[in-house]
Amino acid sequence: ISAAPPPRALLLAGCKQGPNLFSPQPPEEKGYTAPDAAVPPPDIPGVKTKAAQRVAIGAKVKDDWWTLFHSQPLDGVMREALAGSPTIQQATATLAQARELTVAAAGGLLPQVDLGAQAGGQAVNVRISGVNRPPVSVPLLGVGPTVSYTMDVFGALQRTVEVQSAQADVSDYQLAATYLALSGNITNQAITIAGLRAQIKTVNGIIADDEKNLNLVKTAQAGGTATMVDVTTAETQLNNDRTLLPPLRQQLSVARDAVTVYVGKTPADWSPPDFALDSLVLPPVVPVSLPSELVRQ
């Protein structure tokens, strides 16, 4: 038989510790650019397009957005990075921990049942019954459940559950942000590698032309149709063009090492594939939306 709680207890139960938090209203704007500002980008020489690019206002971005480039090497590197990146693993572990803490905090609102057992012994004096013999040892065994319940009068336990749930949401957002940052950085570095390799190839072609030009000038100078000044000018042009290679090679090495680190490997054990611009396809649809909506996606 249970009696209804007194009105004063009901009033206390309705008072929770701390403020009642709520999410602010989002902005009313539905677009980021003016309607006439959404124009297709120009074609980029050397980069294939699967179809004519167009801008899609308000379109959502796929989770595996890098597949829009139709690059098998990029897809392979991305799968390996998402599976072996220590950053992703740490964020996943943090999210799992936050969820378990939320479950543990919510368990404090439920009755706690403990099944305990005790064993012991007691010496019984039988002489008081008229029997002349030493005390008899009698074993004692006790088994029984114990039920306890914490009265959350002021809502402190419920606030704890709310805090742990919010921490789990934060960990979830951090995992999504880590996923986006990792995939974005790898894609940027892959495009950088492809661009640098194209520049190095172009510079090597220019150097080869300079060497041919220098040989022609030397031949002309030996035949008397060119002067030493012409030879010096050709040599200077060749040396100037050769100085363009070391910075490009250094940038290429940095980009390749960056991809290696993102994948969770070391440069001594693993190296990224040789990305090329002609193996990348520009996405046919470019989604344009509010930056806040992009972050939410």
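A residue counts as buried under 20% relative accessible area, as exposed over 50% and as partly exposed in between (1.4 Å probe, protein chains only). The model is predicted: local features need pLDDT of at least 70, side-chain atom pairs count only at pLDDT 80 or more, and totals for chains, interfaces and linings use all residues. Residues are numbered from 1 along each chain as its sequence is written, and side-chain values use heavy atoms, with hydrogens and water left out.

**Exercise 1.** State what share of the residues in the protein is buried, and characterise the contacts by separation.

*Solution.* Step 1: of the 297 residues, 22% are buried. Step 2: a contact requires heavy atoms within 4.5 Å. Among contacts with a separation of 6 or more, 76% join residues 24 or more positions apart.

**Exercise 2.** Classify the aromatic pairs of the structure and locate W66 and Y179 in the chain.

*Solution.* Step 1: rings of Phe, Tyr and Trp (its six-membered ring) pair if their centres lie within 6.5 Å; planes under 30 degrees apart are stacked, over 60 edge-to-face, and the rest tilted. The structure holds 2 such pairs. Step 2: W65 and W66 are edge-to-face, with 6.1 Å centre to centre and 80° between the planes. W65 is buried at 18% relative accessible area, and W66 is buried at 6%. Step 3: W66 and Y179 form a tilted pair, with 6.2 Å between centres and 55° between the planes. W66 lies in the loop between β2 (54-57) and α2 (72-84), and Y179 in helix α4 (residues 156-223), 113 residues apart; helices (H or I, at least four residues) and strands (E, at least two) are DSSP runs numbered from the N terminus. Step 4: Y179 is partly exposed, at 27%.
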